[in-house]
Amino acid sequence: QVQLVESGGGSVQAGGSLRLSCATSGYTVSTYCIGWFRQAPGKEREGVASITGSGFTRYADSVKGRFTISQDTPKKTLYLQMNSLKPEDTAVYYCAAYRSSSARWSCPITAADYYYWGQGAQVTVSS
């Protein structure tokens, strides 16, 4: 059973930084895509970043150069380092995963592709 538990959300002023963590269990890194998504009030859930079992990353244009996704395989933990935060980054952030035959090389950031989801962590950025 795949389980994902986010932590590290909070409130910060614009320009600040936060790091989200996602404790994972129940799957093999090399066979699953994993990523971060977010949903702001009144908006659809959108992809933020993904990472493959081999460490290839993909980012939404809105966060490129500011956010970094990484994973600590021995600790089975996924991270999202968020720098230069903007008020428009305010949202509930989710980690998500799904089994993929291409998980070593390419993982999308389309929410519809992902099957397992964490409970979410609130990030609020004030101006």
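This is a predicted model: local features need pLDDT of at least 70, side-chain atom pairs count only at pLDDT 80 or more; totals for chains, interfaces and linings use all residues.

Student: How do you know that the protein chain agrees with a compact globule?

Tutor: With 127 residues, the globule rule gives a radius of gyration near 14 Å, and the chain has 13 Å, so the two agree. The C-alpha atoms fill a box of roughly 40 × 25 × 25 Å along the principal axes.

Student: What share of the residues is called buried?

Tutor: That's 46% of the 127 residues. The label needs a relative accessible area under 20%.

Student: What makes the largest nonpolar core one set, and which members touch the most others?

Tutor: Its members are buried residues of the nonpolar kinds, joined through side-chain atoms within 4.5 Å, so they count as one set. This core has 32 residues, and W36, L80, M82 and Y93 touch the most other members. Elements giving two or more residues include β3 (18–25), β4 (32–39) and β8 (77–82), while β9 gives the largest share, four residues. A second, separate core of eight residues includes A96, A103, A111 and Y114.

Student: Which residues is M82 in contact with, leaving aside neighbours within four places in sequence?

Tutor: G16, S17, L18, L20, R66, F67, Y93 and V123. Contact means heavy atoms within 4.5 Å, so each of those has to pass that cut-off. Across the chain, among contacts between residues at least 6 apart in sequence, 64% join residues at least 24 apart.

Terms used: Residues are numbered from 1 along each chain as its sequence is written. Side-chain values use heavy atoms; hydrogens and water are left out. Buried means under 20% relative accessible area, exposed over 50%, partly exposed in between (1.4 Å probe, protein chains only). The radius of gyration is taken over C-alpha atoms; the globule rule is 2.2 Å times the number of residues to the power 0.38.
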